[in-house]
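Student: I would like to go through the terms used for this model. Please set each value against its cut-off.

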Amino acid sequence: MEISISVRNLVEFILRSGDIDNSHTSSKPDAMLEGGRIHRMIQRRMGPDYHAEVPLRHVVNTPKYDIVIDGRADGIIITPDGVTIDEIKGTYRDVMRMKTHEGIHLAQAMCYAYIYALQSGLRHIDVRITYCNMDNEQLRYFHFSYEFDELTLWFDDLMTEYRKWADLEFEWKIKRDASIKELEFPYKYRDGQKELVTYVYRTIYHQRKLFIEAPTGVGKTMATVFPTIKAMGEQICEKIFYLTAKTITRTVAEQALSHLREQGLSLKSVTLTAKDKICMLEEADCNPGACPYAKGHYDRVNEALYAMLTELDNYSRDTVLKYAVKYQVCPFELSLDASLFCDMIIGDYNYLFDPHAYLRRFFTEGIRKEHVFLIDEAHNLIERGRNMYSAELIKEDFLELKRATKLHDRKITSSLEGCNRELLELKRVSSECNVIDEVKISPFVRKLLRLSSNIEDYLEDNDESPIKKELLEFYFEISHFLLIYELIGDDYVIYTDHTEDNRFFVKLFNVNPAENLKLCMQRGRASILFSATLLPIDYHKRLLGAEEGDYEVYAKSVFDPNKRGLFLSSDVTSRYSRRNDNEYRRIARYIKKVVSAKKGNYMVFFPSFAFMSKVRDVYEEEFPIDELLVQEVSMKEKDREEFLERFAGENEDTLIGMCVIGGIFSEGIDLKADRLIGAIIVGCGIPMVCAERQILKDYFDNEGLNGYDYAYKYPGMNKVMQSAGRVIRTEEDEGVVVLLDERFLERNYLKMFPREWGNYNVVSLDGVEENVTRFWKNLSL
């Protein structure tokens with residue numbers, strides 16, 4: 001058996017000590033950007049003796065197993081005078097003011113030096129740590145020389161420290177694999193579910209991506225988790241990442257594992273919770289002066305981790321908090337450390353896809369691992385991907401910060417003024433949305449790099465500055481902008497515009513996130529992307545990074561279509577040209593006629609809060625005795641819970657929840673049985689017309705596609721299907737879905753309907769109550 005660990009993870013895990021201290025920008029991953037432009041720039045400058053991105057792998061044999069240590073040396077310089085290992089680090093710090101190197105960086109280079117010297121039979125080898133300023137590309141070198149015997153003693157001590165953890169992992173894998181071998185599917189297979197399990201396993205085996213359109217109730221969570229665990233038992237999957245957009249779908253994954261553990265599965269899993277949600281302080285402030293858990297964290301965390309790993313297998317939020325309190329360590333960092341030893345990691349999309357929050361301990365070595373990514377509710381990943389890989393800066397923010405800095409630092413103030421002047425030039429070009437090319441923004445970017453460097457220098461020398469918080473927050477904003485700027489290609493549009501309150505901004509807009517998402521998924525062996533609303537499948541595959549040879553499957557619905565009544569109105573619409581008092585009144589009467597057919601709980605989804613307000617006013621005027629529960633524009637967690645609790649118990653009378661399509665109640669809520677018997681959807685879910693949507697439309701038109709469909713129709717229909725999916729959650733559920741817009745009867749909408757929507761009824765205002773009543777009556781027969 002092999003126990004694998006990267007060079008970076010090995011040295012960071014074993015050699016760490018002291019405090020967590022994020023009070024300096026240089027401690028943030030945004031500031032120490034590894035790889036990318038700086039690496040390529042330095043590597044190109046070197047001569048023929050310089051060998052870039054050299055993969056290295058070393059196996060340490062033990063009596064029971066092998067420890068595989070791998071990584072990628074940034075550079076190896078081979079000359080007649082000897083060999084030098086080059087470790088490159090990019091930073092916004094003034095490299096000329098650096099007094100010394102970072103110990104972890106040297107340790108990484110020493111590992112590579114030992115491995116290369118061992119495999120090449122060298123008695124002596126040199127090491128160079130290269131720091132490069134991201135702004136001016138100035139270089140600073142730190143040189144070291146080692147005898148091989150010296151490196152051997154150092155490396156042997158490092159491995160002695162690691163053996164305790166490797167032994168733990170070895171013994172666990174023996175137990176885990178034995179349990180997987182005996183594991184059976186925990187339920188009787190539903191119709192089509194066994195075929196879905198086979199598709200997932202085949203995709204993992206062939207190292208592809210699989211796109212699954214899986215209607216609610218087919219058991220897609222278990223159908224994806226079970227075969228992936230089986231693949232782990234066959235040694236073709238090293239780690240499972242279950243990635244979601246919402247907390248509730250993480251709970252579903254935890255429940256699936258719980259059922260498998262009841263069947264005898266031994267599997268270590270951790271659910272990663274966002275730092276601000278698991279932090280024990282009122283506001284996360286990760287430095288030893290503000291947080292007692294940060295002070296001395298690295299001196300205590302390995303003891304806490306070892307205890308947690310040996311005592312339990314499931315590391316939920318509550319479990320992590322319990323051990324964090326007991327050992328006085330940061331719960332967020334403890335959960336990240338636990339992930340190194342877990343078989344399955346459950347968390348947000350961010351941990352794979354976000355350019356700042358992704359798990360560097362798994363994904364920064366430049367070597368693809370045998371990871372499998374299970375991506376739930378994958379339809380959400382398009383907009384999330386766009387947001388993660390886009391960036392914007394607002395002109396007025398520079399002026400606001402300038403007012404705060406003018407009494408503290410002349411260089412920062414001057415740089416802010418320079419950035420503001422460049423933005424002012426861009427603003428003069430147009431008073432409205434204006435697409436610009438990269439050449440026009442480059443002077444602003446150069447000023448931004450200077451500003452970033454000046455903020456870095458100031459914060460390094462002024463740790464107690466009264467403007468530290470404002471500078472740090474702004475520094476991270478511009479660091480994100482600069483990072484995204486490095487990614488700009490054909491799938492980006494740069495534009496300027498004004499916010500609703502007339503503030504001028506420049507945005508780097510990732511119109512098609514496919515390439516960025518694809519590169520992230522290439523960090524693993526296979527990706528399974530699944531959702532109940534992954535239609536049209538070609539649209540989703542194009543924007544989610546599908547490649548030639550990837551698979552797609554439409555899972556068979558297990559529901560009896562006769563238990564769901566689908567009704568399409570023929571005489572009402574939410575078109576802007578028809579929005580008037582008469583149309584609002586007709587929609588209100590439609591709602592009343594539908595809910596009059598049977599007492600129960602209903603949700604009505606509207607295209608906007610303004611539209612909902614108009615219909616609500618009419619409804620309360622005409623039908624004042626009906627109880628309405630209305631979604632507010634801004635609802636706290638407690639308000640949301642109270643809203644949903646009203647659907648939990650039995651209500652004496654009909655309850656109508658009025659919500660906004662695409663909002664917090666149109667997705668990710670599970671109202672089974674009589675908790676919800678009907679969904680009425682007003683309009684086609686089409687996003688509001690705006691400058692950014694027009695940019696999307698123009699982009700896809702230029703790509704030879706239907707830009708209107710990509711920018712408006714497909715995203716809108718996805719929201720409709722999500723809202724409709726609130727009704728039928730289990731095989732036993734019964735309910736009605738009513739689509740109130742005559743546009744749904746158009747051919748181009750009908751062809752987007754999922755297969756299970758084939759049996760629909762066309763109704764009018766005069767006949768809808770009779771038709772819905774007949775549906776309920778037939779069910780009772």
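Tutor: What follows takes strands, a helix, aromatic rings and backbone angles in turn.

Tutor: This is a predicted model, in which local features need pLDDT of at least 70 and side-chain atom pairs count only at pLDDT 80 or more, while totals for chains, interfaces and linings use all residues. Residues are numbered from 1 along each chain as its sequence is written, and side-chain values use heavy atoms, with hydrogens and water left out.

Student: What makes β4 and β5 a pair of strands?

Tutor: Strands (E, at least two residues) and helices (H or I, at least four) are DSSP runs, numbered from the N terminus. Two strands pair if DSSP finds at least two bridges between them. β4 (residues 82–91) and β5 have 8 bridges and run parallel, so they pair. T91 has N133 of β5 as its bridge partner.

Student: Which sense does the pairing of β5 with β6 take?

Tutor: Antiparallel, over 9 bridges, with β6 covering residues 139–147. I125 stands opposite Y146 in β6. Strand β5 (residues 124–133) is mostly covered, with 8 of its 10 residues buried. Buried means under 20% relative accessible area, exposed over 50%, and partly exposed in between (1.4 Å probe, protein chains only).

Student: How do you know that the length of α5 agrees with its residue count?

Tutor: The expected span is 1.5 Å times one less than the number of residues. Helix α5 (residues 193–206) has 14 residues, so it should span 20 Å; its end C-alpha atoms are 20 Å apart, which agrees.

Student: Why are the buried residues of α5 said to line one face?

Tutor: Those residues are Q193, L196, V197, V200, T203 and I204. Seen down the axis of α5, they fall within an arc of 125°, so they line one face of the helix. The arc is that of the directions from the helix axis to the C-beta atoms. K194 and Y205, on the other side of α5, are exposed.

Student: Why is S465 called buried?

Tutor: Its relative accessibility is 11%, so S465 counts as buried. S465 is in the loop between α17 (438–461) and α18 (468–485).

Student: Why is the pair of F744 and Y749 edge-to-face?

Tutor: The ring centres are 5.7 Å apart and the planes at 70°, so the pair is edge-to-face. F744 is buried at 0% relative accessible area, and Y749 is buried at 3%.

Student: Why is N502 called exposed?

Tutor: N502 has 54% relative accessibility, so it counts as exposed. N502 lies in the loop between β15 (492–498) and β16 (504–510).

Student: What makes the backbone of N502 worth a look?

Tutor: Most residues other than glycine have a negative phi, and most peptide bonds are trans. Phi of N502 is positive, near 70°. Phi of E377 is also positive, near 45°. A cis peptide bond joins L535 and P536, with omega about -10°.

Methods. Phe/Tyr/Trp six-rings, centres within 6.5 Å; stacked < 30°, edge-to-face > 60°.
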